[in-house]
Amino acid sequence: MAKQKTSQTTRSQQKAGKPPRRSLLRRLLTWCLGIIILVLLLPYLLIPVYKLPQVHPVSTLMLGETLNGRAYERQWVDFDAIAPVLVQSVMMSEDGQYCAHSGIDWQALNLVIDDALDGEATRGASTIPMQTAKNLFLPSTRSVLRKALEIPLAMWMDLLWSKRRLMEIYLNIAEWAPGIYGIEAAAQAYFGVPAAKLSARQSALLAVTLPNPVKRNAANPSRGMVRLAGVIEKRARQSGAYIKCLYD
């Protein structure tokens with residue numbers, strides 16, 4: 001009887017010495033939740049740092065190249081060292097309302113949502129701030145979740161950064177060809193000139209390369225690219241009222 005009591009007491013002590021399974025699971029979930037919150041908050045903490053002109057941020061694609069052991073080209077260039085016609089061409093190609101909105105073109109976004117709800121093919125509604133948010137902090141794979149994360153980040157960028165700084169960062173982190181990032185490296189790779197010396201036609205060809213830099217080649221454009229570049233070149237010449245936030 002005494003032995004049985006002692007045995008039961010020992011088992012009880014052993015059980016008491018072990019942390020409950022539920023407690024370990026709760027702790028694990030707490031750590032996971034903390035990591036997720038930190039990952040989600042980190043971009044909002046980095047955006048004020050990226051406001052500083054001496055900071056030259058890199059994109060998630062550039063980080064991916066480094067992690068995979070691949071070399072890439074990127075030469076940072078200040079906004080004033082980029083040909084204005086290139087800035088005009090990119091803006092009129094990618095985000096014609098850049099100076100008018102606060103990070104999101106709500107009208108265009110609402111039209112895309114309406115088309116999706118109606119089962120129709122949707123067109124892109126990403127603004128330059130949204131593309132910058134994606135390039136800096138998010139994966140390139142398309143998803144509703146990524147789009148939802150882009151929107152507040154784009155608005156936070158537009159609030160904290162000047163339009164010039166935002167455009168400067170975008171042009172310096174955008175992918176223009178496989179392994180080629182930033183407008184300076186793109187201008188040198190495609191046309192053998194610095195970004196400051198790009199012509200109107202070269203700028204238009206680079207602008208229409210941006211939506212698909214893997215398949216489109218600004219130095220060897222397809223017939224469709226030449227046609228689109230002609231449209232962008234014309235829009236760039238008429239963009240005076242649209243670019244006041246960048247050059248006034």
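Ala, Val, Leu, Ile, Met, Phe, Trp, Tyr, Cys and Pro count here as nonpolar, Asp, Glu, Lys and Arg as charged, and the others, Gly among them, as polar. The model is predicted: local features need pLDDT of at least 70, side-chain atom pairs count only at pLDDT 80 or more, and totals for chains, interfaces and linings use all residues. Residues are numbered from 1 along each chain as its sequence is written, and side-chain values use heavy atoms, with hydrogens and water left out.

**Figure 1. Overall arrangement of the protein.** The secondary structure comprises 12 helices and two strands, where helices (H or I, at least four residues) and strands (E, at least two) are DSSP runs numbered from the N terminus. Their order along the sequence is α-α-α-α-α-α-α-α-β-β-α-α-α-α. Of the 248 residues, 40% are buried; buried means under 20% relative accessible area, exposed over 50%, and partly exposed in between (1.4 Å probe, protein chains only). A contact requires heavy atoms within 4.5 Å. Among contacts between residues at least 6 apart in sequence, 68% join residues at least 24 apart. The accessible surface is about 14,700 Å², and carbon and sulfur atoms account for 59% of this area, as computed by the Shrake-Rupley method with a 1.4 Å probe, with only the protein chains shown counting as cover for residues.

Figure 2. On a 1 Å grid over the protein atoms alone, a cavity is a set of points where a 1.4 Å probe fits but cannot get out, whereas a pocket is an open set with protein on both sides within 12 Å along at least five of seven lines; lining residues have an atom within 4 Å of a point. Grid points are joined across faces, edges and corners, and a volume is the space filled by probe spheres set on the points. One cavity of 30 Å³ or more is found in the whole structure. The largest cavity holds about 30 Å³ of space. Its lining consists of Thr60, Leu61, Lys134, Asn135, Leu138, Pro139 and Ser140, of which three are nonpolar, three polar and one charged. Helix H3 (60-67) and helix H6 (128-137) each contribute at least two lining residues.

**Figure 3. The second largest pocket and its nonpolar lining.** This pocket contains about 220 Å³ of space. Val39, Leu40, Leu42, Pro43, Tyr44, Leu46, Phe137, Leu138, Leu149 and Leu153 line the second largest pocket. The lining divides into 10 nonpolar residues, no polar and no charged. H2 and helix H7 (144-160) each supply at least two of the lining residues, and the largest share, six residues, belongs to H2.

Figure 4. The structure holds four aromatic pairs; rings of Phe, Tyr and Trp (its six-membered ring) pair if their centres lie within 6.5 Å, and planes under 30 degrees apart count as stacked, over 60 as edge-to-face and the rest as tilted. The ring centres of Tyr50 and Phe137 are 6.0 Å apart and their planes lie at 5°, so this pair is stacked. Because Tyr50 belongs to helix H2 (residues 21-50) and Phe137 to helix H6, the pair ties together parts 87 residues apart in sequence. Tyr50 and Phe137 are both buried. The pair of Tyr190 and Phe191 is tilted, at 6.2 Å centre to centre and 45° between the planes. Tyr190 is buried at 13% relative accessibility, whereas Phe191 is partly exposed at 21%.

Figure 5. Eight of the 10 residues of helix H10 (residues 200-209) are buried, namely Gln202, Ser203, Ala204, Leu205, Leu206, Ala207, Val208 and Thr209. Their cover includes helix H4 (84-94), strand E1 (175-177), helix H9 (183-191) and helix H11 (223-237). Arg216 is placed in the loop between H10 and H11 and is partly exposed, with a relative accessible area of 26%. Leaving aside residues up to four places away in sequence, Arg216 touches Tyr190, Val208, Thr209, Pro211, Met225 and Leu228.

**Figure 6. Helix H8 and Pro53.** Since 10 of the 11 residues of helix H8 (residues 163-173) are buried, this helix is largely enclosed by the rest of the structure. Glu168 is one of these buried residues. Pro53, in the loop between H2 and H3, is exposed at 56% relative accessibility. Pro53 and Glu168 are 115 residues apart in sequence and 9.7 Å apart in space, C-alpha to C-alpha.
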